[in-house]
Amino acid sequence: MTTAVGPSPGAAHAGGTGALPRSVHAWYGSGAVATGIFNTVPGLLLLIYLTDTLAVGPALAGLVVLLPKLVDLLVSPYIGIRSDRTRSSWGPRRPWMLAGALTLPVLFGAMFAGPPLEGNAAALYVAVVFVAAALASSVFQVPHAALPGEITSDYHERSTFNTWRTAFVGLALMLGGALAPVLQSAPGDEVAGYRLMGLVMGAVVLVSMLGAVIGTRRAPRTVFPHRTEGLPAQLRAAFAHRHFRVLFPANLLMAAAGGTMVAGVPYVTANVMGEPRYTSVLMVCVLVPLIASAPLWKRLSVRVDKRRAAGLAAAVFSLGGLGLLLIPVWGLPGAVLSSVLVGVGLSGTTLLPWSMLADCMADTHGSGRRQSGVLSGVWTSGEAMAQAVGTGLLSLSLALSGYVESGAGEAVRQSDEALRGMLVGSTLVPAAVMLCCLVPLAFYRLTADGLRSEPGDARSDPPAPSGP
């Protein structure tokens, strides 16, 4: 192993003497389009694709959505450890990101390929492909999430990275939440529509991932002595981090709330509101405020600190969720207003926890050893699991309320109990789950003054502009 022992441009920045180019911030954020689409499209459409196109029962469909997250929960921390130990002229993270970029788009398209299968056979096919796609996503996302905590020591610049990331998450949600349903319904044939949507979204994922790999080549390539302990020991060390230990469950609850609400949108628009095209309308009403309010959440976090801003964002999201519960009373106008509140709150609960995660990565407690990959691996797998749990909560609500699955082209009238179940599961449940995050957030204490600045613990290789 070789480590730079003299000053370099990267080392200078690691010490906080200058800001990274805005292009690095932007290209880093662009990678969130890929992970955002991969989380949003399956979260929004996969459950209803299984139940209403492939004739899979809601309980089994919920298990299919959950299974890849269980596998990912075990594998993502290991990916983080391996990326921590990687030595490459590209830095430790970008080779892994490239591997994910070359595999996820293909698997994403295959997931919605619509094989001539129904019921259990279709569920098995989707589950196998979804597991492989989730692993490919983690190969990209785990090292991608580790970058901000390593390439800058500036407390507020980490928020800048995640402001860009949140804006691109909003773009991803716009593509996945508004454009994907339009593409899916364009051909008139359900199976052909899902195939078209999978191919187009897979192409967007490819461009996003390659852009992040190439565009971050100018970032400093920090070199740390890697940790030699095995996975169990490193996981213990990760959860021994007093700030990460309380931030992690708070983010799980936020992600579960968002996953539940997103998965419920097409059910509510198609069955409660009686117009499937409202899915795109409501998603736009969520996503435009999500993108527009991201800089405002950053400014608020500078004024009052990140923890308090995150708590306020959770409250705004929950207020919007309670408003959506009243859709049968105030119809589309109330749904639009409530969706705007959800979008504003979701912006804060997307930006701020990730910025706080980067602060946890930077808080090395004097060890000087790289553990960003382990923290980001645990974080990524936990967030994916939480989103799947959110979808599972909705599928449980559907199953308990008597929702009836259907095949492609079949029309099924749902009972009043099923309509109530899908409405409560899509609005009240995520609002309540989101408010629960305020409990662990109350114990988070890491601020700019509390972060340790130890530039001598880690040096950086000078950025090498040549190569991908």
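Hi everyone, let me start inside the protein: the lining of the second largest cavity divides into 14 nonpolar residues, 5 polar ones and no charged ones. Here Ala, Val, Leu, Ile, Met, Phe, Trp, Tyr, Cys and Pro count as nonpolar, Asp, Glu, Lys and Arg as charged, and the others, Gly among them, as polar. A cavity is a set of points on a 1 Å grid over the protein atoms alone where a 1.4 Å probe fits but cannot get out, and lining residues have an atom within 4 Å of a point.

Before going on, a word about the model. It is predicted, so local features need pLDDT of at least 70 and side-chain atom pairs count only at pLDDT 80 or more, while totals for chains, interfaces and linings use all residues. Residues are numbered from 1 along each chain as its sequence is written, and side-chain values use heavy atoms, with hydrogens and water left out.

Back to that cavity. Its volume is about 200 Å³, and of its 19 lining residues, M261, V262, V265, V286 and L324 are the closest to its centre. Volume here is the space filled by probe spheres set on the grid points, which are joined across faces, edges and corners. Helix 9, helix 10 (278–304), helix 11 and helix 12 each supply at least two residues of this lining, and helix 9 gives the most, with 6. Helices (H or I, at least four residues) and strands (E, at least two) are DSSP runs, numbered from the N terminus.

How many cavities of 30 Å³ or more does the structure hold? There are 4. The largest cavity has about 500 Å³ of space, and among its 29 lining residues N39, L173, A255, G259 and Q387 are the closest to its centre. This lining divides into 13 nonpolar, 13 polar and 3 charged residues. Which helix gives the most to the lining of the largest cavity? That is helix 2, with 7 residues. Other helices that supply at least two residues each include helix 3 (58–84), helix 6 (155–185) and helix 13 (372–401).

Now let's zoom out. The protein chain has 16 helices and 2 strands. Of its 468 residues, 57% are buried, where buried means under 20% relative accessible area, exposed over 50%, and partly exposed in between (1.4 Å probe, protein chains only). Among contacts (heavy atoms within 4.5 Å) with a separation of 6 or more, 86% join residues 24 or more positions apart.

Take M201, which is found in helix 7 (residues 190–215). Because its relative accessibility is 0%, M201 counts as buried. Leaving aside residues up to four places away in sequence, M201 touches I37, V41, F108, L175, G176, L179, A180 and L183. M201 and A34 are 167 residues apart in sequence, yet 8.9 Å apart in space, C-alpha to C-alpha.

Next, charges. A salt bridge is a side-chain nitrogen of Lys or Arg within 4 Å of a carboxyl oxygen of Asp or Glu, and by this rule there are 3. In one of them, R277 pairs with E275, with the closest N and O atoms 3.1 Å apart. R277 counts as exposed because its relative accessibility is 64%. Another links K306 and D359 at 2.7 Å, N to O. K306 lies in helix 11 (residues 306–324) and D359 in helix 12 (residues 327–362), so this pair ties together parts 53 residues apart in sequence. Is K306 buried or exposed? K306 is buried, and D359 is too.

The side chains of D305 and R308 also meet in a salt bridge, 2.6 Å from N to O. D305 sits in the loop between helix 10 and helix 11 and counts as buried because its relative accessible area is 17%.

My last topic is backbone angles. Most residues other than glycine have a negative phi. D305, though not a glycine, has a positive phi of about 95°. A55 also has a positive phi, near 55°, and A55 lies in the loop between helix 2 and helix 3. With a relative accessible area of 26%, A55 is partly exposed.

Technical notes. 1 Å grid on protein atoms, 1.4 Å probe; cavity = no way out; pocket = protein on both sides within 12 Å on 5 of 7 lines; lining within 4 Å.
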